[in-house]
Protein chains: 2
Amino acid sequence: MKRVLVTGARGFIARNCLAPLAKAGFEVHAVGRTPFDTGIDLTFHKADVLDPMARVHILETVRPTHLLHAAWNLETRDYMESAENYRWVGMSLDLTREFAEAGGRRALYTGTCYEYRWGSAVLDERKTPLGPRTQYGKAKAGLFRLTEDLADATGISIAWSRLFFLYGPYEGRRRLVPSVISSILSGREAPTTHGRQLRDYMYSIDVGRALVALLDSEVAGPVNIGTGTATSIAGLVSDAARLCGHPELLRVGALEARPGEVKRVVAATERLRSEVGWDDYTPMETGLAETVAWWRRELAL
Amino acid sequence: MKRVLVTGARGFIARNCLAPLAKAGFEVHAVGRTPFDTGIDLTFHKADVLDPMARVHILETVRPTHLLHAAWNLETRDYMESAENYRWVGMSLDLTREFAEAGGRRALYTGTCYEYRWGSAVLDERKTPLGPRTQYGKAKAGLFRLTEDLADATGISIAWSRLFFLYGPYEGRRRLVPSVISSILSGREAPTTHGRQLRDYMYSIDVGRALVALLDSEVAGPVNIGTGTATSIAGLVSDAARLCGHPELLRVGALEARPGEVKRVVAATERLRSEVGWDDYTPMETGLAETVAWWRRELAL
């Protein structure tokens, strides 16, 4: 029996993992402060994952074989530079130790492309050095190293996903793609920066499925979750605006860009495709169309 | 007014810092589970430093300007390879964040020579790569990196001491030098391994004074706390046995050595001597004689 405990289940990343987890045969347990309609059959444990007593109680009760740890401080606008990131480092180390003590065997973490030193054509798990420039990236990179060591010390198997850029269902309303889509669907103009940077954008539904494939594998260490394809931000929002039916409402270049943006951030995908064996990408045109349709339903509520 | 909060105050390291802190003009506050006779004028806060509520309460009450964080899981025999080390990583990050939030300005941590990759003639803060081989070293090295990042995020000034090998008052009874001294003072034989490894042994009274000088300075980043001198373990215990009056009770080579011991572990001391300006070492002959005298008093109790 595979029993998984999911943290941060309501968030953008884990939310997209819930249905794939159930489909992969996991008994799904989620922990969070506020229950929500997940649409799948799972057990929700109402608790603050930062509370050690509550955490240990849930672990002892559920005795999960697997852990999908996606909880992190991403709710505030300044999360990239907040000292709060380090609170989640400690919590994550505690959770791993407690999970192992409760008999857990396999854990998956949500790292980030912000752990890498940006600049090379693709960011490779094996070759690209870590060199985070933000507090978010530093905290995740530091936690990655410590989690690998702690996994050795406790004997559990771990995978560390490195997420690149995502678009799709359950993204926060104020973030780029949702804000463009919701503005345009509401008939308002959507101003953006020039958007000439190239980023690796992956459909969130695919991210959820890829993460579950990774968790359900025995692949250890860091694994990029990306497409390997460079998408310009301007191209992405233009496509979204077109699919919303009002490309003329998009105002690319109306906002001033931040200086010093790195031109290209793209994932090496060899580990995901060959080692995990996941290669089932949704074409971006389809993903964006589904995303626009999803927001139409959300905004109608 | 300088107000320092000391964690792990009863332990080998911090215990030796208490008198120097008072002498340097600090108002001294200690936190720990069990009050003890410190011999100096300080405020003891009875609490488990792993308890977040208690910790924040003390920080809010004391509002320390300085922090000397020496608490760590060193009580168990297997601490070098224990997963418990990672519990203290999280706790230490939380403490730093809480200290900064409570208005703290300057913090000193107790790192270790076990963070370094061993093998070079001296281990240098600027040049020697980190490459810990033990869980203790890995946890401390990981915490070091994160603490530097967290200091940036919160704006506090930090120093990270890297302690080498210590002998002297307040060392745990079961450790090498105390066990040799107490056996011989009790008239029993003291078997040891060949002890040909060279280590940087510093008198614990000196370590306490050097740490307080570092805390009271503005020197940032990692600073070795060592002598720069290679002492063979056999030589150290032979001197101790002689000072106990019964060199014939020492049985060097009676125990089998662990294979693969690194020959030489010695500190570069440039930062401590020149940047911190601390250079007031006690000769080893004096330090060992004082240590033997200290144990005579302890064992008489």
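# Reading the interface of chain A and chain B

Visitor: What am I looking at, and how is it labelled?

Guide: This is a predicted model: local features need pLDDT of at least 70, side-chain atom pairs count only at pLDDT 80 or more, and totals for chains, interfaces and linings use all residues. Residues are numbered from 1 along each chain as its sequence is written, chains are lettered from A and ligands numbered from 1 in the order in which they are written, and side-chain values use heavy atoms, leaving out hydrogens and water.

Visitor: How many residues does each chain bring to the contact?

Guide: Contact means heavy atoms within 4.5 Å. Chain A brings 22 residues and chain B brings 22 residues.

Visitor: How do I put a size on an interface?

Guide: The size is often given as the accessible area lost when the parts come together. Buried area is the accessible area (1.4 Å probe) that two parts lose on being put together, summed over both. Here about 1,700 Å² is buried between chain A and chain B, and carbon and sulfur atoms give 64% of that. On the side of chain A, the residues that lose the most area to chain B are Tyr86(A), Arg97(A) and Leu146(A), together 31% of what that side buries.

Visitor: How many salt bridges cross the interface of chain A and chain B?

Guide: A salt bridge is a side-chain nitrogen of Lys or Arg within 4 Å of a carboxyl oxygen of Asp or Glu. Two cross this interface by that rule. Arg97(A) and Glu84(B) pair up in a salt bridge, at 3.9 Å from N to O.

Visitor: Which elements give two or more residues to the side of chain A that touches chain B?

Guide: They are helix H4 (85-101) and helix H5 (135-154) of chain A. H5(A) gives the most, with twelve residues. That side of chain A divides into nine nonpolar, four polar and nine charged residues. Helices (H or I, at least four residues) and strands (E, at least two) are DSSP runs, numbered from the N terminus. Ala, Val, Leu, Ile, Met, Phe, Trp, Tyr, Cys and Pro count as nonpolar, Asp, Glu, Lys and Arg as charged, and the others, Gly among them, as polar.

Visitor: What rotation superposes chain A on chain B?

Guide: Copies are superposed by least squares on the C-alpha atoms of residues with pLDDT of at least 70 in both. A rotation of 180° does it, with 0.0 Å of shift along the axis and an RMSD of 0.0 Å. The two copies are therefore related as by a two-fold rotation axis. In chain A, the C-alpha of Gly90(A) is nearest the axis, 1.7 Å from it. The same surface serves both copies, as 100% of the contact residues of chain A recur in chain B.

Visitor: Now a single residue. Is Thr128(A) buried or exposed?

Guide: Buried means under 20% relative accessible area, exposed over 50%, and partly exposed in between (1.4 Å probe, protein chains only). Thr128(A) has 10% relative accessibility, so Thr128(A) counts as buried. Find Thr128(A) in the loop between strand S5 (106-112) and H5 of chain A. The Thr128(A) side chain reaches the backbone nitrogen of Asp124(A) at 2.6 Å. Beyond four places in sequence, Thr128(A) touches Tyr116(A), Arg117(A), Ser120(A), Val122(A) and Leu123(A).

Visitor: Where does Ser182(B) lie?

Guide: Look in helix H6 (residues 176-185) of chain B. Ser182(B) is buried, at 4% relative accessible area. Leaving aside neighbours within four places in sequence, Ser182(B) contacts Arg173(B), Arg188(B) and Leu299(B).

Visitor: How many salt bridges are there over all chains?

Guide: The search of the whole structure finds 40. One joins Arg175(B) to Glu171(B), with the closest N and O atoms 3.3 Å apart. Arg175(B) is partly exposed at 43% relative accessibility, while Glu171(B) is buried at 7%. Another joins Arg242(B) to Asp239(B), at 3.3 Å from N to O. These two are three residues apart in helix H8 (residues 233-244) of chain B, so about one helical turn separates Arg242(B) and Asp239(B).

Visitor: How far apart are the closest N and O atoms of Arg273(B) and Asp279(B)?

Guide: They are 2.7 Å apart, in a salt bridge. Salt bridges can also share partners: Arg55(A), Asp94(A), Arg97(A), Glu98(A), Glu101(A), Glu84(B) and Arg87(B) are joined that way into one network.

Definitions and conventions: Polar contact = N/O pair within 3.5 Å; in protein donor to acceptor, adjacent residues only side chain to side chain.
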